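Please read the following note with the sequence and the model side by side. Each point may be checked against the coordinates as you go.

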There are 2 protein chains.
Amino acid sequence: MKKQAVTLVQVAAKAGVAVMTASRAISGDGYVSEETRNKVLAAADALGYAPNALARVMKGGRTNVLGVVVNDLSSVVVNAFVSALTEEVRKYEMDLFIYNSSVQLDEQAQRRHGQLLHGLWDGLIYVLPRMTDEYLAALEASGSPVVLVNFCRRPTTLPVVLGDNFNGARDAVASLVAQGHARIAFIRGSHWTGQSAERERGYRQAMADAGLPVDERWVAQGTFSEKSGLEAGQALFALDPRPTAVFAANDEMALGCMNAARALGLRLPEDVSLVGFDDVPGAVTAQPPLTTLRHPLALMAQATVQELMRRVLHEPGTRQRVEFPAEMVMRGSTAPIATAPAAAKRRTRKA
Amino acid sequence: MKKQAVTLVQVAAKAGVAVMTASRAISGDGYVSEETRNKVLAAADALGYAPNALARVMKGGRTNVLGVVVNDLSSVVVNAFVSALTEEVRKYEMDLFIYNSSVQLDEQAQRRHGQLLHGLWDGLIYVLPRMTDEYLAALEASGSPVVLVNFCRRPTTLPVVLGDNFNGARDAVASLVAQGHARIAFIRGSHWTGQSAERERGYRQAMADAGLPVDERWVAQGTFSEKSGLEAGQALFALDPRPTAVFAANDEMALGCMNAARALGLRLPEDVSLVGFDDVPGAVTAQPPLTTLRHPLALMAQATVQELMRRVLHEPGTRQRVEFPAEMVMRGSTAPIATAPAAAKRRTRKA
DNA sequence: ATGAAAGCGCTAACAC
DNA sequence: GTGTTAGCGCTTTCAT
């Protein structure tokens, strides 16, 4: 980014003072006489001087920049979280750079921003990181200020901010049980972050709590995409007896599942109840609106930046793990099973 | 990002070589014997060495990082464009940092990244920039590698990559005219980037081309938001005679307008035809699917990175202005006016 | 109140 | 092949 950058030396020369004096006049630290200060400022102005942030940082200062690494910026949830972070970072007078890695954090990625960008920021946030164990180990060993968000695939010594997937999922499934459902299916998502596994754990716990068996054919594998939810739904609704409720590991899959149900002529929520996770915008506008769970993104962003800044500033009171309960959002896609039991068998397609 | 950063000096010491040798071994430049190289690499690995990007840059090198400044990362279009940029940047073996400014680029913003700009990245992309004239002037004067995307509020000497709003809008309105519409309304968006103004210019041109008068009550002011589209729609549909078609400066407003129409009991496209701009995902799923226009984002991203890199690398063949025609996407929200002329007056709410 | 020197981590340019 | 010197632009000592 250099054209013919004006340096402090030139400013000092023009003002007829030592470099150090110019530095003091411009940064505002230390004693400088009013007269000299004005002289220096005038010279700087005339020359169009802009301090070189890099040189300043290299003296051991901070960059005042935090970075956030995301895998999929087009995800509504990630996007919303990043926006919340942007707001939050401002309170600390820091800037936030977003890095969209779009890939698994493997050796190549490690080389790229683990090394190349080293020194550019004061701290780093990883949102839903898909990191290899090696990468994680390297990060743990580095001692750099880092916070992981919604990473629960395996234990780590790094600070983590989490939404409570397990209890959220358990509550959701428990509420289905309370509505009389017994054949409750679950659609898994990808395994990367461990979120799907946690939600599945909650599902199984709720079933166990209610003394209900889990037929393994009720547990379908998806990839968090709407399409995978549709396919999973087709498979699930082909079972006999058909599950009366489906809990999907995220909203996209739940909406795909909703389309599968509709294509089979099933009525919602009379024939089948549906629950998702995340509360994406599409959940509200769906017909019927989707019952779902949501993480308190604003609170999580607040905690994330707070924890990170504590580490950057070497402040006490850091927590290794901060977890927030998920909120359940009841909408029209769930209903007591008793609503229309007679219609339950209508137009079921036999596999 | 510094805790107790490992430096080249430590690596060199551990490997028992001079700092310069270590530098060569790691960067891969210059002659180093296979043996020494391995020794150094081993030492670096053991210490968990990561080169300090800042120091490297300070020697006058490049950061291999491009930056993109956006105002609203949650906008679907912006998001899609940034994703395209991310892909494109990779071809040049560069990294892309995203900076979400969320605000107008005024003096304060200028101080923040205008300074960071100084050295942190090799080039900068501004997407739909909302910059003050002063900021623009400063940028023009700086001589830094910069590309503006979809900025057409005023002429500039900076390189610009644009989607053709004027001709796109003109074609869209012309197609409405061809379908027999004469009372065609327009909903403006915010003025920041000049895109709305260009689309309005296209609208007026198409009307003039067809010899149709523009009743100024047909031109409503919105803010690019769905809500503003809804309100504009309510006002437009209260007119007597009612416009038979509405061209909104973006899809969100068109969809808001669609809701306004539906709330009034108007049928689409029989009673009113609707055209948007941008082709957001919601346009396809709307009922009826929205006819709209779209900029070729992938091509634009390609041109943007190419132009920027030419400037970064001081390559010849730079263009100051690259413009791409918009594509029209015909969907169900537009129809010839003749379809159901008899129904046109049904349930119109008089103001 | 001001100046001189040293050094942040790295690499181009020359020695050897 | 490898080491030495110098210096990027700035600020932190320590003098004056």
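1. **Basis of the note.** This is a predicted model, in which local features need pLDDT of at least 70 and side-chain atom pairs count only at pLDDT 80 or more, while totals for chains, interfaces and linings use all residues. Residues are numbered from 1 along each chain as its sequence is written, chains are lettered from A and ligands numbered from 1 in the order in which they are written, and side-chain values use heavy atoms, with hydrogens and water left out.

2. **Domains of chain A.** The domain assignment divides chain A into domain 1 (8-51), domain 2 (65-162 + 297-324) and domain 3 (165-295 + 329-350). Such bounds come from an automatic or database domain assignment. Taken over C-alpha atoms, the centres of domain 1 and domain 2 of chain A are 38 Å apart.

3. **A residue of helix α2.** A:Val19 belongs to helix α2 (residues 19-27) of chain A; helices here are DSSP runs of H or I with at least four residues, strands are runs of E with at least two, and both are numbered from the N terminus. At 40% relative accessibility, A:Val19 is partly exposed (buried means under 20% relative accessible area, exposed over 50%, partly exposed in between, with a 1.4 Å probe and protein chains only). Not counting residues up to four places away in sequence, A:Val19 touches A:Leu8, A:Val9 and A:Ala12, where contact means heavy atoms within 4.5 Å. A:Gly48 is 29 residues from A:Val19 in sequence, and their C-alpha atoms are 16 Å apart.

4. **Helices α5 and α13 of chain A.** Helix α5 (residues 76-90) and helix α13 (residues 297-312) of chain A pack with their axes 9 Å apart, at an angle of about 50°. Axes are lines fitted to C-alpha atoms, for helices over the stretch in contact, and angles run from 0 to 180 degrees between N-to-C directions. The two helices, α5(A) and α13(A), are therefore oblique to each other; angles under 35 degrees count as roughly parallel, over 145 as roughly antiparallel, 65 to 115 as roughly perpendicular and the rest as oblique. The crossing of α5(A) past α13(A) is right-handed, a crossing being left-handed if the near helix is turned anticlockwise from the far one by less than a right angle, and right-handed if clockwise.

5. **A:Glu88 at this packing.** A:Glu88 lies in helix α5 of chain A and is buried, with a relative accessible area of 8%. Leaving aside neighbours within four places in sequence, its contacts are A:Ala301, A:Gln302 and A:Val305.

6. **Helices α8 and α9 of chain A.** The axes of helix α8 (residues 165-178) and helix α9 (residues 195-209) of chain A come within 7 Å and cross at roughly 40°. That angle makes α8(A) oblique to α9(A), and the crossing is right-handed. In helix α9 of chain A one also finds A:Ser196, which is buried at 3% relative accessible area. Beyond its neighbours within four places in sequence, A:Ser196 is in contact with residues including A:Phe186, A:Phe224 and A:Ala249.

7. **Backbone points to check.** Most residues other than glycine have a negative phi, and most peptide bonds are trans. A:Asn150 has a positive phi near 55°; this residue is in the loop between β4 (146-149) and β5 (160-164) of chain A and is buried at 7% relative accessibility. A:Asp279 likewise has a positive phi, of about 60°, and is buried with a relative accessible area of 17%. A cis peptide bond joins A:Leu268 and A:Pro269, with omega about 0°. In chain B, the peptide bond from B:Gln287 to B:Pro288 is cis, with omega near -5°.
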